[in-house]
Amino acid sequence: MTDLRSSEIHDELDGDTLHEECGVFGILGHPDAATLTALGLHALQHRGQEAAGIVTFDGKQFYTEKRMGLVGDHYTDPATLAKLPGYISIGHTRYSTTGEVALRNVQPLFAELEVGGIAIAHNGNFTNGLTLRRQLIADGAICQSTSDTEVVLHLIARSKQTSSSDRFIDAIRQMEGGYSMLAMTRTKLIAARDPIGIRPLVMGELDGKPIFCSETCALDIIGAKYIRDVENGEVVICEIQPDGSVSIDARKPEAPQPERLCLFEYVYFARPDSVVGGRSVYVARKNMGINLAKESPVEADVVVPVPDGGTPAALGYAQQSGIPFEYGIIRNHYVGRTFIEPTQQIRAFGVKLKHSANRAMIKDKRVVLVDDSIVRGTTSVKIVQMIRDAGAREVHIRVASPMIFHPDFYGIDTPDRDKLLANQHANLASMCRYIGADSLEFLTIDGLYRAVGGTSRDPQAPQFTDHYFTGDYPTRLLDQEGASNVRKLSVLASNG
């Protein structure tokens, strides 16, 4: 889901991390559809904290509620849920990338078409979305948002197919990139995943009713049963029948491609208690730490995670190295993005709003700091200084993923290439001096592959999507290739 917005909107205290775009959840045929969707979105809150939306259908009409902010700020209110009656529901929690933060961009997006009403929500990004949008506008289409999800609605409306399912399939077959998508009509819940499966999507069941969501943790929160992953390139059409039963029609591509899940789901994005691609995220992250300790050992007194992402890897590093694990940094979980106006004085100690050193575990110690990834490096500089100020004798940074050299175009909000730390320094020693550590090492790409999939990377046919580390993009990047020819989208100011 691409939106076009200035990076200046990012909070400076939150600008040195990668952000996943969205989480999706949908259920068909359940009387508590909206409540279950709200709970599922709450479990997927880590995938997007800027806005959330839910659409339902009760047999007569569609209902929608879209709100800026966190799921728990709005959808725990019984009055809000009472506005969402029905037995079909899809929901979406959003983190915008390059687009504006405006209520009109909050998904699910809804349109009334010839075949009836349809609502769509998706996680990821279309790499030809702007190109198709330009063509649609040239043909007379009117776009109301800056989200490329709207492009799918236009393609569905223009399709010559007869049924809503076939129109949906016709539309997404024209899209390229990495995505998982849900659509709902008056009788159907449709789930689709991109041809190589970059973004995750799972299928579950509660009381015999089908559920689709971005991660298994959303099934766990409502006590639903995991059935299987939606396969790459697959479209699953669930339709409620007159007798209340649900039919399921799974349509697979004629020429399936090998799956290539995004490695960053394992490194950073997915919740550690989720299972992605049949693999425990927690176990994968712990394995990253184990492999990191094998590849980059160091004499030290204590292993300290950079919370929260570095914790499983730090446990693995401590286990493999025999160095004690301690919580040497305590994270304040209650600092919101609008906690205080970010004046220059606040920016000067911004990292301390979120992290504080546990001096008793650090003073006079040789510390191994384990983090999941380093993007710009600005936060690492502040954390290293904080650890030194707490009395550490030495600070050694170990990163449980390779260096990031390339931007992403499949739904991860990455800085421009020249803003990435790995591209600002000629070598590892220069990066280490910039950060202020005594040593700095990253997990190798093969070490990461072995941690997640058990085998080293096959350069001829990579098992995962890993372009941010390797530059090997798995699809065409039409919007980027034609960037000079794509007119910048107009952005109408919005108070919502």
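Predicted model: local features only at pLDDT ≥ 70, side-chain atom pairs only at ≥ 80, totals over all residues.
Six strands make up an open, antiparallel arrangement, ordered 6-7-8-9-13-14. Strand 6 (109-113) and strand 14 (246-251) sit at the edges with a single partner strand each, so one side of each has no neighbour in the sheet. From one strand to the next, the twist averages 20°. Six bridges link strand 13 (residues 235-240) to strand 14, again in the antiparallel sense, and Cys238 has Ile248 of strand 14 as its bridge partner. Helix 6 (residues 164-172) lies across strand 8 (177-184), strand 9 (188-193), strand 13 and strand 14, and runs at about 20° to strand 9.

Glu215 turns up in the loop between strand 11 (209-213) and helix 7 (217-220). Is this residue, Glu215, buried or exposed? Its relative accessibility is 1%, and Glu215 therefore counts as buried, the cut-off being under 20%. A polar atom of the Glu215 side chain lies 2.9 Å from the backbone nitrogen of Arg271. Leaving aside residues up to four places away in sequence, Glu215 touches Leu44, His46, Arg47 and Val202, along with Phe269, Ala270, Arg271 and Ser274.

In soluble globular proteins, nonpolar side chains tend to be buried together. The largest nonpolar core here has 42 residues, and those touching the most other members are Phe264, Tyr266, Met288, Val303, Leu448, Val452 and Tyr468. Helix 9 gives the largest share, five residues. As for Val452, its contacts are Leu263, Tyr266, Arg279, Ala284, Met288 and Phe464, again not counting residues up to four places away in sequence. There is also a second, separate core of 26 residues, with Leu153, Ala171, Met175 and Tyr179 among them.

That leaves helix 15 (residues 428-435). At the start of helix 15, Asn427 reaches in with a side-chain oxygen, which comes to within 3.3 Å of the backbone nitrogen of Ala429. The buried residues of this helix are Ser430, Met431, Cys432 and Ile435. Their cover includes helix 14 (378-389), strand 21 (394-399) and strand 23 (439-442). After helix 15 comes Gly436, with a positive phi near 90°.

Terms used:
Residues numbered from 1 in each chain as written. Heavy atoms only, no water. Buried < 20%, exposed > 50% of the residue type's maximum accessible area, 1.4 Å probe, protein only. Helix = DSSP H or I, 4+ residues; strand = E, 2+ residues; numbered from the N terminus. Contact = heavy atoms within 4.5 Å. Polar contact = N/O pair within 3.5 Å; in protein donor to acceptor, adjacent residues only side chain to side chain. Pairing = 2+ DSSP bridges. Axes fitted to C-alpha atoms, helices over the stretch in contact; angles between N-to-C directions. Core = buried A, V, L, I, M, F, W, Y, C linked by side-chain atoms within 4.5 Å.
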